[in-house]
Structures are given as structure tokens and as C-alpha cells.
Amino acid sequence: MALNASTQIAHPADQVIATLSDRGFAEHLTKVANGSLTDFSVNGDTAGAFTVTTVRSVPTDRVPDIARKFVGATIEITQVDEWTAPDAAGNRSATVKISVAGVPVNVSGTEQLTAQGETSEFSIDAKVSSSIPFIGGKLASAAEPYLGKALNLQAAQVDAWLSKQA
């Protein structure tokens with residue numbers, strides 16, 4: 001299933017990148033989802049190309065019923081964002097890979113952070129896939145709306161986080 005979503009963030013792209021690569025923000029965002037941050041690392045200088053790896057343990061109470069059959073009370077989600085260095089306008093892109101431990105559901109695609117002066121546009125274009133025979137497509141389809149909501153939640157939390165810092 002294809003996942004395409006975009007949202008506006010009322011802060012400049014460099015501030016958004018600083019927030020997305022901040023462990024404190026990752027912990028905050030994970031707590032908002034009632035989860036716990038298992039691991040967080042940033043490899044590289046955020047002024048250039050860098051990679052953020054985030055591992056979260058989250059409850060499955062909001063997981064679609066079809067998926068709940070395959071998981072316990074919590075799932076571990078690993079997200080790897082490989083960000084490019086900013087271009088002359090301050091725009092960045094990232095390859096994103098999300099996997100769920102113990103469940104054959106994966107997300108892969110690209111994220112775009114487009115600088116628009118004092119604001120930014122954050123978008124994702126990804127594919128949700130599952131290798132479970134017969135029901136994999138249904139599982140991926142059920143996961144898609146949750147991922148779109150997660151992007152909007154992340155953007156709203158970036159806005160709130162940066163507004164508190166100001």
C-alpha cells in the first residue's frame with residue numbers, strides 16, 4: 001500500500017531537523033504515544049548528511065484487530081532516517097525504513113523537508129508492505145492510516161516542542 005502524506009510545520013527547516021535529531025524530543029514523542037524509547041542514536045553531523053535510528057516499544061491497543069493476532073501487548077518499532085545534507089535552499093530529503101520486530105510489516109520510502117522561510121513542509125512518500133501470505137495486503141492496508149496519523153502527530157509535536165523553546 002502506498003502512503004503519501006504531507007503537513008506544514010510553523011518553524012524553519014533547520015529547527016525542524018534539530019528537533020527530529022534531539023533525544024529529548026524522541027523521548028517526548030514516544031511518551032505521547034504511551035510508549036518507551038528503547039534506543040536512539042544520531043550518526044553524523046546534523047549540519048550535513050546524518051542518520052537517526054529510533055527504537056520504540058509501544059502498546060498495541062491501537063493496532064488494527066487483524067494485526068493484533070500476531071503481536072503481544074507491545075511491539076518494538078525501529079525507524080531509520082538517513083538524511084541528506086541541506087541543499088542551497090535548506091531543503092532535505094531522507095530515506096526512511098520502519099520495521100516492526102516479530103511482525104513482517106515494513107515501511108520504506110522517502111521523507112522531504114521543504115524550507116519555506118519561517119515555515120516548512122514535511123512529507124512522506126512510502127510503501128507499506130507485509131510478507132504474510134494471503135493477508136499481508138490487508139495487514140499493510142490496515143496499517144496505512146495509522147502511519148499517516150503518526151506523521152501528523154509528529155509534526156504537531158515538533159510545532160509544540162519548538163514553540164516551547166522560543
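**Figure 1. Phe25 and its aromatic partner.** Phe25 is a buried residue, with a relative accessible area of 2%. In this predicted model, its ring pairs with that of Trp161, with 5.6 Å between the centres and 75 degrees between the planes, so the pair is edge-to-face. Where do the two partners sit in the chain? Phe25 belongs to helix H2 and Trp161 to helix H4, so the pair ties together parts that are 136 residues apart in sequence.

**Figure 2. A second aromatic pair, Trp83 with Phe122.** The count of aromatic pairs comes to two, and here is the other one. Trp83 and Phe122 lie 6.4 Å apart, centre to centre, and the 35 degrees between their planes make the pair tilted. As a reminder for reading both views, a pair of aromatic rings is described by the distance of the centres and the angle of the planes. Trp83 comes from strand E4 (residues 74–83) and Phe122 from strand E7 (residues 119–130), so distant parts of the chain, 39 residues apart, are linked. Are these two residues buried or exposed? Trp83 is buried, at 4% relative accessible area, and Phe122 is buried too, at 2%.

**Figure 3. The whole fold, for orientation.** Let us step back for a moment before the next close-ups. The protein has four helices and seven strands. Read from the N terminus, these elements follow the order β-α-α-β-β-α-β-β-β-β-α. Of the 166 residues, 42% count as buried. Among contacts with a separation of 6 or more, 53% are between residues 24 or more positions apart. The accessible surface comes to about 8400 Å², and carbon and sulfur atoms hold 53% of that surface.

**Figure 4. The largest nonpolar core, seen around Val16.** In soluble globular proteins, nonpolar side chains tend to be buried together. The largest nonpolar core here has 20 residues, and the members that touch the most others are Val16, Leu20, Trp83, Leu113 and Val158. Which elements give two or more residues to this core? They are helix H1 (13–20), H2, E2, strand E3 (50–59) and helix H4 (136–165). A second, separate core has 13 residues, among them Val58, Val96, Val105 and Val107.

Figure 5. How many salt bridges does a search of the whole structure find? The search finds one, and the side chains of Glu27 and Arg23 form it, with 3.2 Å from N to O. Both residues lie in helix H2, four residues apart, or about one turn of the helix. Glu27 counts as partly exposed, at 32% relative accessibility. Arg23 is likewise partly exposed, with a relative accessible area of 37%.

Figure 6. Staying with helix H2, we come to Thr30. At 1% relative accessibility, Thr30 counts as buried. Setting aside neighbours within four places in sequence, Thr30 has contacts with Gly35, Ser36, Leu37 and Arg56. In the loop between helix H2 (23–32) and strand E2 (36–43) lies Asn34. Asn34, which is not glycine, has a positive phi near 60 degrees.

**Figure 7. Strand E4 between its partners.** Here strand E4 is shown with two antiparallel neighbours. Ten bridges join E3 to E4 in an antiparallel arrangement; for example, Val55 has Thr78 of E4 as its bridge partner. E4 is also joined to strand E5 (residues 92–100), again antiparallel, by seven bridges, and Asp81 finds its bridge partner in Val96 of E5. Ile75 is another residue of strand E4. Ile75 is buried, with a relative accessible area of 11%. What separates Ile75 from Gly102 in sequence and in space? The two are 27 residues apart in sequence and 8.1 Å apart in space, C-alpha to C-alpha.

Key
Residues numbered from 1 in each chain as written. Predicted model: local features only at pLDDT ≥ 70, side-chain atom pairs only at ≥ 80, totals over all residues. Heavy atoms only, no water. Buried < 20%, exposed > 50% of the residue type's maximum accessible area, 1.4 Å probe, protein only. Contact = heavy atoms within 4.5 Å. Areas by Shrake-Rupley, 256 points an atom, 1.4 Å probe, with all protein chains shown as cover. Core = buried A, V, L, I, M, F, W, Y, C linked by side-chain atoms within 4.5 Å. Salt bridge = Lys/Arg side-chain N within 4 Å of Asp/Glu carboxyl O. Phe/Tyr/Trp six-rings, centres within 6.5 Å; stacked < 30°, edge-to-face > 60°. Pairing = 2+ DSSP bridges.
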